[in-house]
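Here are my notes for your review. Please read them with the coordinates open.

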Amino acid sequence: MTVGIVMLVHTALERAEQVARHWDKAGCPVVIHVDKKVPRETYDRFVAALADRPDILFSKRYRCEWGTWGLVAATQSACARILDGFPMVRHVYLTSGACLPLRPVQELQDYLAARPQTDFIESATTADVPWTVGGLDEERFIYRFPFAWRRHRFLFDKYTQLQRFLRLKRNVPANLVPHMGSQWWCLTRRTLTAILQDPARKTHDRYFRRVWIPDESYFQTLARLYSNNIESRSLTLSKFDFQGKPHIFYDDHLQLLHRSDCFVARKIWPRANRLYEKFLTQPAGVSGRQEPNPGKIDRVFAKAVQRRVRGRAGLYMQSRYPRNDSKNRVTAAPYSVFQGFSELFENFEPWLAEATGARVHGHLFAPDRAHFANGQTTINGALSDSAVLRDYNPDAFLTNLIWNTRGERQCFQFGPGDNQAINWRIAKDPNAQISVISGAWAVPLYRCKAEFLDLRQRAARLQKIESEHLSVLRSSEVKARVRIWSMADFVEAPMEPLQAILEDIGSETSRRLSEVPRMVDLSGFGQFLQNLKNEGMHPYLMGDFPVEPEEEPAKQAKSPRPYLVR
Amino acid sequence: MGILGSYRMRWARKRLRYRARLKRYELSSIVDRTPDLKPDDILLFSTLRNEKVRLPYFLDYYRKMGVRHFLIVDNDSNDGSGEYLADQPDVSLWHTESSYKKSRYGVDWLNHLQSRFGHGHWCLTVDADEFFLYPFCDTRPLDALTDWLDSCSIRAFGAMLLDMYPKGRLEDEPYQAGMNPLEIACWFDSGNYSMERNPKYWNLWIQGGPRARVFFPHTPNRAPALNKIPLVKWDKRYAYVNSTHMLLPRGLNLVYDEWGGEKASGVLLHAKFLNTFGERAVEEAKRKQHFDGSFEYQTYAKAAGNSPQLWNSWSEKYINWRQLEILGLMSKGNWA
């Protein structure tokens, strides 16, 4: 008793010949089907090349177009040929010309001999698995598909739409429950004979002739009728990408393939010389390996699909550029933006760096240059501090900064004196944490000794800008985590907000705040605001500051809780 | 844009092809080995001028990668490049004395050669100082990539230009014929590129890198474009619009994913900054045969006087393609 190999060959005939000889040498009879599209002379040469092997036969040729009936017809006739021609065959293994046996053939023969009644065919109902690409899962069984998807895509789509519109459903033959699965199976003589000699075969064939991709459903469905013992898995290692195309194996997959312990792999790149050399010349005999274990290969290919479909978050590059309206248009990692803190506290930046271990920059969007941490003029990724380069594309500046420093938390200062072009971008970024002490821009004005009229103008401008920024931060489209305190509220009880900010950043949360940053001396600030008001410019963003500082905080009852926008 | 826009693009493409057909009279064939071409050969197209010192390594690099034939336009070299190329067994050579600028920086000449010889072939269009890298290029030949692209019905493959530079002054380590220029110029900027989508041609417009940082800090909008689509399964109806930055029909420019995924892409290592550069910048600034009135070269020429230092402490040293993949400059996409 042995296993018979059916090979469906389309291209790379010299590789097919090599593999057929390999099977033959190990005592497996082979029947080859060559696609009718292969020119006559090429085919004749191929047949002549294998003429020296009596156990390698050829079956009637059909035109095999992907997704059409031809492939099933070819398989049927090749199977009939192998069952008739070789009575010793107990299992028939369906392979393609791009398949490569990875283990000694003897191991496959032993494996099957130990399971003489088992049919290895992946077979699942459409309702239960989300395999199909392009949506036609159930529909492939209830509509007709007379047009080839590859050549007549337009007609294919239109005819399907028409049938949907007219609700022209077909009846599935009564005894059949549509199943699908990999077309690379290994069936027992018993099951295969039952399928091929079924009195109702004509009905089945007529039905499947107009099903889409029947090679993934014909045997998978009919095996369910006749087999008592289905192992719903394929013995062939075959991975598919996100468009349903098989992944291809190259020389550098040698170790992965070798360790997978699978019997057969597809699809092999025809010029992968090392793979063919290694696996077709390995010593016969048994290595004592057991069940196939494709886990590692699965992971490699699953990652590839993931990369193609989801990509690396926060990366903007030549082949990944999420649209403006895409939910994927985010930065690579969480970061924090502080507005008003370095104005209100003398040593906010070093304090924050100390307390969190994050990298704390100054005003990155300042008009003169990007104030990177520690006064650097360039930062990771050779990102320059030039304001011109930054303002040429502030979006890219931000995403580059966060991408380049991934693994390290970034914090930076922001304010109404900075480039505001980045506001919406940050507000819509779920990775951003924005903490604002509104009105704190007035502190440096109050502390600097300049012409009051000039101060008044600057104050008016800054207030207008900040007020616009705040309305952005309060809009319903904001995805960032936003906290806004008026300066008056913040000054009254700064500990709680600072603690909350540190907790957000997430380092050393367990420890209570041991050291607080030093607040600037605000005596006389109330008077300064009053002077502005007297000049007709009403500063309102900072809340109420009494003209004379009160003796003791009497307004203890008013809790300075931050309010969260989302 | 709609139908009208598409129609305009169709005419723009026809105009480009017509230009290319007119410009064919400027080319005189020196050596024509194109009858040797086989249907699946990967072809390389290039225009060059006075690059003799770079040619031995350049040809070798691409031969090893799997390029079967080189189709080269020699724009009036006087350093022996033409003679050297004519002697190579896999080079077909054309010569012209006409203006590089008037042929739209060589694009017209190459468009003509591509439509005549490239139809149905995978065509790589690079300059003599550009070295193509693609995922797995250390273990898989170029036709593994093109076979895979064919099987995915992908017609164009993007590869961003990555400017390479040495540490120290350009003159410190002179380049000799046959040397790997990337042994001298082995540093690059890894994360200061900015990009935008071009609504007209649908390509990404990438700028940045050391050139924007050092030569164009005050005029970033004039910094050179770094987006390139050098590898295309050519069809005689295609045309490059502007260097290899973009093509028509526009669908070929969609080498990026807009929904968060990554398409496979490569990198063109740009080994321009060698000791030969300063001299060249001065000459090209005078000839004014380059883009934007050779503004780029004029800026370089001015800077080169002060011996420009491109290297800084955040420069990355080049190791291999996997490093560039991790840094996010190129991607394997779903090729595994």
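1. How many bridges join S5(A) to strand S12 of chain A, and do these strands run parallel or antiparallel? Two bridges link S5(A) to S12(A), residues 264-265, and the strands run antiparallel. Within this pairing, A:Leu100 stands opposite A:Ala265 of S12(A).

2. Now the sheet around that pair. In chain A, three strands make up an open sheet, ordered S5-S12-S11. The pairing is mixed. Strand S5 (100-101) and strand S11 (236-237) of chain A are the edge strands. Each of them pairs on one side only. In general, strands of a sheet pair through backbone hydrogen bonds, in either parallel or antiparallel fashion.

3. On confidence: this is a predicted model. Its scores are ipTM 0.92 and pTM 0.89. For chain B, pLDDT averages 91. Of the residues in chain B, 97% score at least 70.

4. Next, the contact between the chains. Chain B contributes 48 residues and chain A contributes 46 residues. On the side of chain B that touches chain A, the elements giving two or more residues are two helices and two strands of chain B: helix H5 (142-151), helix H7 (209-215), strand S10 (193-197) and strand S11 (204-208). H5(B) supplies the largest share of that side, with four residues.

5. What is the make-up of the side of chain B that touches chain A, in nonpolar, polar and charged residues? It divides into 19 nonpolar, 19 polar and ten charged residues.

Methods:
Residues numbered from 1 in each chain as written. Chains lettered and ligands numbered in written order. Predicted model: local features only at pLDDT ≥ 70, side-chain atom pairs only at ≥ 80, totals over all residues. Contact = placed C-beta atoms within 7 Å. Nonpolar A, V, L, I, M, F, W, Y, C, P; charged D, E, K, R; others polar. pLDDT = per-residue confidence, 0-100. Pairing = 2+ DSSP bridges.
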